[in-house]
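This report describes pockets, ligand surroundings and secondary structure in a protein model. The sequence and structure are shown below.

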Amino acid sequence: MHKLDLIIQKEGNSQDRLIPILWEIQKDIGCISLDTQTDLSKKLNLSPAEIQEVVSFYHFFSEEYRGKHQIYIDSSIIADFHDRNQIKTTFENELKINTGSVTPCGTFGLFETSCIGMSDQSPAVLIDFIPVPSLTVEKVKIILNSLKNGIKLEEIILSLGLGDGANSSNYIQSNINNNIVKKGHFLFKKWSKGEAISIASQMSPENIIQVISDSGLKGRGGAGFPTGLKWKLAKEVPSDKKYIVCNADEGEPGTFKDRVLLTEFIGLLLEGMIIASKAVGASKGYIYLRGEYSYLKNHIERQILDFKESGFINSFPIEVFLGAGAYICGEESALLESLEGKRGEPRIKPPFPVEQGLFGCPTVVNNVETFVLAAQIIRFGHESFSSLGTESSRGIRLLSISGDVEKPGIYEYEWGVSISEILRDCKAIEPTFVQVGGPSGTMISNKEFDRKISHDDLPTGGSFMVFSKKRSLFDILSNFMDFFVDESCGNCTPCRAGNVILRDLLTKVKTGKARPSDLNKIKDWGNIVSKTSRCGLGMTSPNPLLTSLKSMPEYFENAITNKDENFLDFDIEQATAEYKEFHNE
Amino acid sequence: MDKKVISTISLAGCFGCHMSFLDIDLKLLELIELVEFNRSPLTDIKTFSKRIDIGIIEGGCSNDENVKVLKDFRKNCDILISLGECAIMGGLPALRNHLTLKECLEEAYFNVPTSNHNQTIPRHEDLPQLLDKVYPCHELVKIDYFLPGCPPSGEIIWQALAALIKNDKLEISKRLIKYD
Ligand SMILES: Cc1cc2nc3c(=O)[nH]c(=O)nc-3n(C[C@H](O)[C@H](O)[C@H](O)COP(=O)(O)O)c2cc1C
Ligand code: SF4
């Protein structure tokens, strides 16, 4: 049988299987050519355009051949500050190609991608979608030589030494370390399999929702919506079919706590999802796992099977669905579109997912940490949680700490902890700026280190990046703006065009070409983008620029030396160079 | 009230905006009571002979001559207006921005059906040198006002000038600037 037919036979031929099908083709052939797309469109009863619009949306899908071994270099700012360039150059020199291309023999393709969730062990790359962290020049050479000699990647990874905890288990076998540095007293209470489920089985759905509401748990994905209320809303919508979706897309640069939760707390996560399914009356669950974490898929599926064998999930199948490289798919409605086999473009809200979510049915989307905490709350009671933290922000929060610190990794804190305390704990090195909550969060300067992590001061989805005094503020901001320009889904103009304009203005400041009025332009455009964009990406993308302009105006003002507003910098020699060259002058 | 002094110029444009300017029809009579024209293709005056109140720029910058003229306008005018799509965004000429200059010149001189086939691309010190791209005016000098349209209607041009001259607030109805 033709390969495509085999894949379709395995996956099914409805549109919601499109992304798993495309994944198999991409991995198998190294590209999804236009011919393949046309074949596929006939078999799936879609138009070729409906396939192409999906292929072109996701970073890991490509019409052109990406090589037998596909290498993606993490382009986060943390990697930048950990000799990423040296690693990149080593790959380029060893393979004799530029980033963004494939070796002539087709064996290797070298590309860049947004943060792959390894900021605690940077610089890292994905090789054939397996992350390899803590790279050095030597390591790169060893890996490439081994691959060239036909040694299997799994063997190379084994020889480099497996990571800690479940990373070395049979189902993961990765080089990754968990780097759990600070264990608090809530999340890290010993797990006993099935305990939370069995407690919940004695409770009515209303009861479960009440306990979660009373605990004060708010979503850990960033927006901080009260979890109990979300479950209640989904419960109240009448429908035969409802879904529970775990958002494991963890795309915010600098975040990696979900990676560790998925590795070490997968049991609690499943219990949280099962409890949620009972509370809202859902019949199916999905774990939307970012493509960068595909190395965890077997491990998660193994645990699901284990739960099934233990009789915990008879009427609630849980499926692991692999994303394909798109930050925007972490936005819940974009995630649902992606689950339906489409481009990950956010929907207009309302209706919210709890009313009309996956396939139009009521759907609860929660972050990994939210489900894990919910399971713990059911085990230990709402007070065990609500007694921790602050008035506005109950309980604990996992932070993924990276950057210029001696001890990067996972930290469990009660909400309300001050920045300076965190910096002490992680042994920050001459901390000068901290980006709280990733690029979509807040940039603060060392004058503000008494501020606190909480929903009414510094909210965060968990990313905590520390920058020492030798880092340039503008390098950091440029990296963030590049990220947003790359990751904007392009659906609405303020975000698609506005982020480019903001990046251009920032480049002017960075290169000393800005005028004083450009700072007002940054504020104006920042406001336009954040107030008029459709979804959270555009609403928050100007944040780092706006917050640093507010807290550190002197950096910007000092970068502006030419105050002449009438005549802007324009290099006529450079602009006419091409013309002269054409005429051989 | 002293008459305001106006200058206009067409850079990399098609003179459509100037035509639209003339389209203010009878208002021209009213305008000429309020303003005098200095350097402009309308008067054929080639140099500034006094300080200018309002400079109107049609077209973006496609060559070094455009750049020189634009800077000269900025130097001599109190207020500078980008008039129309080409001045504001580069417009049709900027379609060449995604081609290299070589591709562009070869297409224009060799490959088009109307090519004279003598296979030379003119180059002379008196000919302006093409820039690598077509630039909108505000990337080179400060522009005080932007009047959008391709071309902007005579009505917008008249209302904007009248408001500037009389120091009134300009309120352009949506009908005049809605293009889709
Ligand atoms: C651009 C963007 C990216 C997001 N990425 C994630 C993500 O990676 N993981 C996540 O849990 N939530 C993410 N969110 C938030 C989700 O939209 C949603 O609020 C969250 O999954 C709800 O779960 P919670 O209530 O448990 O936080 C993102 C939001 C936006 C706007
Ligand atoms: S704000 Fe940006 S990411 Fe969100 S819908 Fe608009 S273009 Fe897409």
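In this predicted model, the second largest pocket is lined by 48 residues. Those nearest its centre are A:Gly221, A:Gly222, A:Ala223, A:Gly330 and A:Glu331. Four elements of chain A each give two or more residues to this lining: helix 11 (227-236), helix 12 (257-264), strand 10 and helix 22. Strand 10 of chain A provides the largest share, with 5 residues. By class, the lining of the second largest pocket consists of 15 nonpolar, 21 polar and 12 charged residues. The space in this pocket comes to about 1,300 Å³.

Which molecule takes up the space of the second largest pocket? That space is taken by ligand 1. Around ligand 1 there are 20 residues, and the closest are A:Gly221, A:Asn247, A:Asn366, A:Asn367 and A:Thr370. Strand 10 (363-367) and helix 22 (536-540) of chain A each supply at least two residues of the shell around ligand 1. The shell around ligand 1 is made up of 5 nonpolar, 9 polar and 6 charged residues.

| Residue | Protein atom | Ligand 1 atom | Distance |
|---|---|---|---|
| A:Lys230 | side-chain N or O | oxygen | 3.0 Å |
| A:Gly330 | backbone N or O | nitrogen | 3.2 Å |
| A:Glu332 | polar backbone atom | oxygen | 2.9 Å |

Taken alone, ligand 1 exposes 610 Å², and 89% of that is buried by the protein.

The largest pocket has a volume of about 1,600 Å³. Its lining comprises 38 residues, of which A:Asp504, A:Lys508, B:Pro136, B:His138 and B:Glu139 are closest to the centre. Elements of chain A and chain B contribute to this lining. From chain A, helix 20 (493-510), helix 21 (516-532) and helix 25 (572-582) each supply at least two residues; from chain B, helix 4 (85-89) and strand 6 (130-135) do likewise. Helix 20 of chain A gives the most to the lining of the largest pocket, with 6 residues. The lining of the largest pocket divides by class into 17 nonpolar, 7 polar and 14 charged residues.

Which residues lie closest to ligand 2? They are A:Cys489, A:Asn491, A:Cys492, A:Cys495 and A:Cys535, from a total of 13 residues that surround ligand 2. The shell around ligand 2 holds 7 nonpolar, 5 polar and 1 charged residues.

Chain B, which supplies residues to the lining of the largest pocket, has 7 helices and 7 strands. Along the sequence of chain B, these elements follow the pattern β-α-α-β-β-β-α-β-α-α-β-β-α-α. Along the principal axes, the C-alpha atoms of chain B fill a box of roughly 55 × 40 × 30 Å.

Notes
Residues numbered from 1 in each chain as written. Chains lettered and ligands numbered in written order. Predicted model: local features only at pLDDT ≥ 70, side-chain atom pairs only at ≥ 80, totals over all residues. Heavy atoms only, no water. Near = heavy atom within 4 Å. Polar contact = N/O pair within 3.5 Å; in protein donor to acceptor, adjacent residues only side chain to side chain. Areas by Shrake-Rupley, 256 points an atom, 1.4 Å probe, with all protein chains shown as cover. 1 Å grid on protein atoms, 1.4 Å probe; cavity = no way out; pocket = protein on both sides within 12 Å on 5 of 7 lines; lining within 4 Å. Sits in = over half its atoms within 2 Å of the grid points. Nonpolar A, V, L, I, M, F, W, Y, C, P; charged D, E, K, R; others polar. Points joined across faces, edges and corners; volume = space filled by probe spheres on them.
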